[in-house]
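User: Please take a close look at one helix pair and the salt bridge beside its contact. Keep it brisk, and define your terms.

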Amino acid sequence: IKFIEALSKGKAVVATTTTLQGVFDIMTGCAAISDNAPDFAADVVGLLADDKMRSELGAKGLSVVSQHFSPDRAYGGIAAAAGQIAGAGIEFHASRV
């Protein structure tokens with residue numbers, strides 16, 4: 001969740017493959033990926049020194065998160081099902097979440 005939250009703020013992220021479990025396929029190109037400490041540190045330093053790369057990763061991550069993790073995508077089905085089950089005509093409005 002921290003990974004998705006950082007991307008939703010347009011932040012460039014360095015992550016491990018463990019962090020990407022479950023979202024790896026849709027997050028390709030959204031973060032620098034390093035699984036050992038020296039490479040991870042080098043990626044962090046590299047991003048700190050490269051404004052363009054930080055900006056590109058941040059924009060790509062924000063786009064993917066907006067597409068796949070919007071409130072409607074995350075909660076819409078649950079809210080719709082709850083309304084149908086209860087028969088109460090509950091409507092879901094993402095702007096109120």
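Analyst: Being three residues apart in helix α3, aspartate 51 and arginine 54 are separated by about one helical turn. Their side chains meet in a salt bridge, with 2.4 Å from N to O. The term salt bridge requires a side-chain nitrogen of Lys or Arg within 4 Å of a carboxyl oxygen of Asp or Glu. The structure holds two salt bridges.

This is a predicted model: local features need pLDDT of at least 70, side-chain atom pairs count only at pLDDT 80 or more, and totals for chains, interfaces and linings use all residues. Residues are numbered from 1 along each chain as its sequence is written, and side-chain values use heavy atoms, leaving out hydrogens and water.

Now the helix pair. Helix α2 covers residues 37-49, and helix α3 covers residues 51-68. Helices are DSSP runs (H or I, at least four residues), numbered from the N terminus. The two pack at about 105 degrees, with axes 5 Å apart. Axes are lines fitted to C-alpha atoms over the stretch in contact, and angles run from 0 to 180 degrees between N-to-C directions. α2 and α3 are therefore roughly perpendicular to each other (65 to 115 degrees).

Which residues meet? From α2 come Leu47, Leu48 and Ala49; from α3 come Asp51, Met53, Arg54 and Leu57. Contact means heavy atoms within 4.5 Å. By class, the contact has five nonpolar, no polar and two charged residues. Nonpolar means Ala, Val, Leu, Ile, Met, Phe, Trp, Tyr, Cys and Pro; charged means Asp, Glu, Lys and Arg; the others, Gly among them, are polar. Asp51 and Arg54 of the salt bridge are also among the α3 residues that meet α2.

Definitions and conventions: Angles under 35 degrees count as roughly parallel, over 145 as roughly antiparallel, 65 to 115 as roughly perpendicular and the rest as oblique.
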